[in-house]
Amino acid sequence: MKLKNVVIAVNNLDRSRQFYQSLFGLDMILQSEGNIILTEGLVLQDVSIWKEETGQEVLFRNHASELYFEESDIDRFIKKLKNYHEPIEYVTRLTELPWGQKLIRFYDPDKNLIEVRTPS
């Protein structure tokens with residue numbers, strides 16, 4: 001068995017696509033009927049489709065999962081966050097762990113949790 005994609009619910013496909021493209025360099029592979037497949041296996045799904053398919057309400061900001069990225073030049077990435085055209089809501093500001101690895105946590109526009117760390 002092989003994990004193919006990670007799917008997250010979003011309120012606005014275009015806004016989320018722009019967010020992940022601008023900050024993480026993820027490109028769109030395919031867009032169809034309320035879904036956008038991005039490079040690296042991330043799929044954005046319109047919240048209305050998610051609700052319809054699962055029969056459940058979407059609980060954003062649930063802190064039950066996070067998208068994890070690694071970035072060797074975290075200082076450059078933090079500048080991208082600061083210059084992003086929408087305010088970024090931080091969960092953990094830039095932190096250096098005892099073994100030297102750095103990390104930052106923040107939300108995407110729909111409050112999906114993201115962590116970016118330097119490689120270990």
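A quick word on charge before we start: Lys and Arg count as positive here, Asp and Glu as negative, while His and the chain ends are left out. On that basis, this predicted model carries 15 positive and 19 negative side chains, with 6 Å between the centres of the two sets.

Now for the overall fold. The chain holds three helices and eight strands, and going along the sequence they come in the order β-α-β-β-β-α-β-α-β-β-β. With a radius of gyration of 15 Å, close to the 14 Å from the globule rule for 120 residues, the chain is as compact as a globular protein of that length.

Some whole-chain values are handy to have side by side:

| Property of the chain | Value |
|---|---|
| Span of the C-alpha trace along its principal axes | about 45 × 35 × 25 Å |
| Residues that count as buried | 41% of 120 residues |
| Accessible surface | about 7,500 Å² |
| Share of that surface from carbon and sulfur atoms | 48% |

What about links along the sequence? Taking the contacts with a separation of 6 or more, 52% are between residues 24 or more positions apart.

Let's zoom in on one spot. Strand S6 (residues 90-96) and strand S7 (residues 102-107) run antiparallel and are joined by four bridges. Within this pair, Thr 92 sits opposite Arg 105 of S7. How many residues lie between S6 and S7 in their hairpin? There are five, and Gly 100 in the turn has a positive phi of about 100 degrees. While you're looking at strands, keep in mind that in a regular strand the side chains alternate between the two faces of the sheet.

Conventions
Residues numbered from 1 in each chain as written. Predicted model: local features only at pLDDT ≥ 70, side-chain atom pairs only at ≥ 80, totals over all residues. Heavy atoms only, no water. Helix = DSSP H or I, 4+ residues; strand = E, 2+ residues; numbered from the N terminus. Rg over C-alpha atoms; globule rule 2.2 N^0.38 Å. Buried < 20%, exposed > 50% of the residue type's maximum accessible area, 1.4 Å probe, protein only. Contact = heavy atoms within 4.5 Å. Areas by Shrake-Rupley, 256 points an atom, 1.4 Å probe, with all protein chains shown as cover. Charge placed at Lys NZ, Arg CZ, Asp CG, Glu CD. Pairing = 2+ DSSP bridges.
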